[in-house]
Amino acid sequence: MNKEIGVIAIVVICLLVLCVGLLKKRAEFLFTFLVRMVVGGIAIFFTNKFFASQEIDLMVGINPISILTVGILGTGGFALLYGIMIYRLL
């Protein structure tokens, strides 16, 4: 009986350690996603300001879709949004 309890205790402890590891990775992913969204929104804002000061009619709207695009794709999403706007000018 003592061996069975010991094995069950070890299995439960291993499962707890795995759960903590998974939660840590998810928290890290969520934090990275939120940081990319905030930095991407700020980058879009200042890039729009720069283009406006140069009198270039190339602006990306700051809305939930563009913020999510930058949050998910990062720098590639930022370039994608401006690439779409450049394509529309052609």
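Contact here means heavy atoms within 4.5 Å, and helices are DSSP runs (H or I, at least four residues) numbered from the N terminus. The model is predicted, so that local features need pLDDT of at least 70 and side-chain atom pairs count only at pLDDT 80 or more, while totals for chains, interfaces and linings use all residues. Residues are numbered from 1 along each chain as its sequence is written, and side-chain values use heavy atoms, with hydrogens and water left out.

**View 1. Buried residues of helix 1 and what covers them.** Phe33, Gly40, Gly41, Ile44, Thr47, Asn48 and Phe51 in helix 1 are buried (under 20% relative accessible area, with a 1.4 Å probe and protein chains only). Their cover includes helix 2 and helix 3.

**View 2. Helix 2 against helix 3.** Helix 2 (residues 64-73) packs on helix 3 (residues 75-89) at an angle of about 140°, and their axes, lines fitted to C-alpha atoms over the stretch in contact, are 5 Å apart. In this contact Ser66, Thr69, Val70 and Leu73 of helix 2 meet Thr75, Gly76, Gly77, Phe78, Leu80 and Leu81 of helix 3.

**View 3. The ring pair of Phe29 and Phe33.** The structure holds five aromatic pairs, counted when ring centres of Phe, Tyr or Trp (its six-membered ring) lie within 6.5 Å. Phe29 and Phe33 form one that is stacked (planes under 30 degrees apart), 6.5 Å centre to centre with 20° between the planes. Both residues lie in helix 1, four residues apart, about one turn of the helix. Phe29 is exposed (over 50%) at 56% relative accessible area, whereas Phe33 is buried at 16%.

How values were computed:
Axes fitted to C-alpha atoms, helices over the stretch in contact; angles between N-to-C directions. Helix = DSSP H or I, 4+ residues; strand = E, 2+ residues; numbered from the N terminus. Phe/Tyr/Trp six-rings, centres within 6.5 Å; stacked < 30°, edge-to-face > 60°.
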